[in-house]
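Trainee: Could you take me closely through a single part of this model? Please keep it plain, and define each term as you go.

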Amino acid sequence: MTARTRSGLPLPAKLDAATVFLWSLTPGALARWLLPVLLAVTAGLLLLLLWLLGLLARWSSVVAALAAGALLLFGSGRYLRGRLRWLLERHDPRSGASALAGPTAVLLALAGWLHLMGSEAVGLRSGFDGTGAAGHDLADWLLLAAGKTLDLVLFDLSEALGWRVGPLEPASPRAALATAVLQLLLAVGVLEVAARLWRMLAGTERFYATFGECRARCADHLDLEARVTLEGVVCTEGPVLEVDSSDFEAAFAADAKREELELRPRDEREEL
Amino acid sequence: MSAPARPTVRLARQQIREHFAWDDPSIRCWSLHRPFAGPLESRLVEAAALPILAGVLPLLVPLVPLWLLSRLAPRAAFWVAVALLGLTTLLYLLAAVMSLLPRTNTQWRDMAANRPLFPALALGFLLAVIAVPGSPVGAGFDFGDASPAAGLWARYVGEHAGSILLLDVPRSVVGRFTPLQPESGLAIAAVILLRVLFSLGVVEVVALSWRRHVRRRVFHATVRGAWVACVDPFGQKGVLRHLGVLEELVQPETMLAAELVVKLDDRLRAEDGCAGETSAGRATENR
């Protein structure tokens, strides 16, 4: 059924075959340093994009707003398309996932939306209390984003305690909706980064997947030193055995009761 | 071309132990389907029922007996609610910690499977702790012009739930639903716990829905693991199917993940190229 690669890993005759394998993915030694690097690069890229849009706005605020709108549409569209493909085509090795596509798309959309919120050409900024005069107030908008990120990470505790980061506060329904969109983009960004970090820092991850799904998972891994191991194959020969779950529960109820408190090593190959 | 359909053999309860052994260490592929009655609407009903069964019912169930108890003995109701809040929060933390330990037993696994219920239960007990008449926690709130009543507390919880679920939009657009404001340290702590428990409850219910609906309920486990999966916190019956067995490689084979991606992409390009050439060749022959 399989042909071997030069380094020994067997490949099935057709890559979109539905055979499921047991894999393990082990992060490399440098994975733990990726958190500060990732955060610094993300913050740096966001600042760079906003600075470039700010420069453009000095020449023409309308052109800058159009560019920011294009960034927002491109980023959110690309992100939605990527997630939809991930949901619908996980088995397909041609789904083409890549590690940085999701976070980069969110970052582009976030930069575009932050610029639109602060842009004079759009008019959203007038709905916020605490906006400075015509001067440069990029730091205020960044503080607003930082405060909303903190709210997300800390379950909105700052709101319950009455803390506020930065001077900006939405004072009109339009500004409230704009802030909600900002929070949505930030939530997606935080989830994207957290999911990848969890994978890198949680140690060896075992999972069952076809070659296509495994390709997507490997491509979605930020750590270039991560190693993937093929540990087994799920054989699906013979008839499917079907039973009522309540019958299965009753058949082994006595065994489960007998060893209710008996501690056993966890089987890493199980997924529950 | 799809693989031919495999025959299905239905087992009676007496036949189960002939095919599966409790101590069998091999990992098997199972699917677990818990359909609601009615073939057409079952998926929709199930999708809507799960958040209610796992999130709303466990929240409301503790409130009724504690409300009745508070009519007879308010002080006792407060302390019972405090004790049960502590117990359910502790059980939730224990279930979360246990799922990370290298050793486990059937009871712990069962508890971990029921984990989504604990935040909702704890939230119900917390609401009782806050709203029971004479509660020192409830007394720490500034009521403004309003007087303490069940409807006021319900609106206050709805306000926080809406602000968590809908990213603060209702509060910013419509304004506040109640004049309630935590003043004392106990009241602030209760509001923080309310928000944390509600957020955890939402995360747990979403994760549970994901496992039940999106992952199509196929899982790989020993017979013990399949037994734990069959124990349903909502008592819902289902159909368990045994689909296959894991065969481990004698010598597992390793490579860089990035290298695997490149190799698979090369292989796909080659496959697609071959398919393109073959179809082009066929077209030429046909002409």
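Mentor: The model is predicted: local features need pLDDT of at least 70, side-chain atom pairs count only at pLDDT 80 or more, and totals for chains, interfaces and linings use all residues. Residues are numbered from 1 along each chain as its sequence is written, while chains are lettered from A and ligands numbered from 1 in the order in which they are written.

Helices (H or I, at least four residues) and strands (E, at least two) are DSSP runs, numbered from the N terminus.

Now take helix H7 (residues 150-165) of chain B. Its 16 residues should span 22 Å at 1.5 Å a residue, and its end C-alpha atoms are 22 Å apart, which agrees. The expected span is 1.5 Å times one less than the number of residues. The buried residues of H7(B) are Tyr156(B), Val157(B) and Ser163(B). They lie on the same side of H7(B), because they cover an arc of only 125 degrees around the axis. The arc is that of the directions from the helix axis to the C-beta atoms. The face turned away carries the exposed residues Ala150(B) and Gly151(B). A residue is buried if 20 or more other C-beta atoms lie within 10 Å of its own, exposed if 12 or fewer, and partly exposed in between; C-beta atoms are placed from the backbone. After H7(B) comes Leu167(B), with a positive phi near 55 degrees.

Next, the core. The largest nonpolar core has 40 residues, and Ala81(B), Ala122(B), Leu126(B) and Val129(B) have the most contacts inside it. Such a core is a set of buried Ala, Val, Leu, Ile, Met, Phe, Trp, Tyr and Cys residues joined through C-beta atoms within 7 Å. H7 of chain B is one of the elements that give two or more residues to this core. H6(B) gives the most, with 13 residues.
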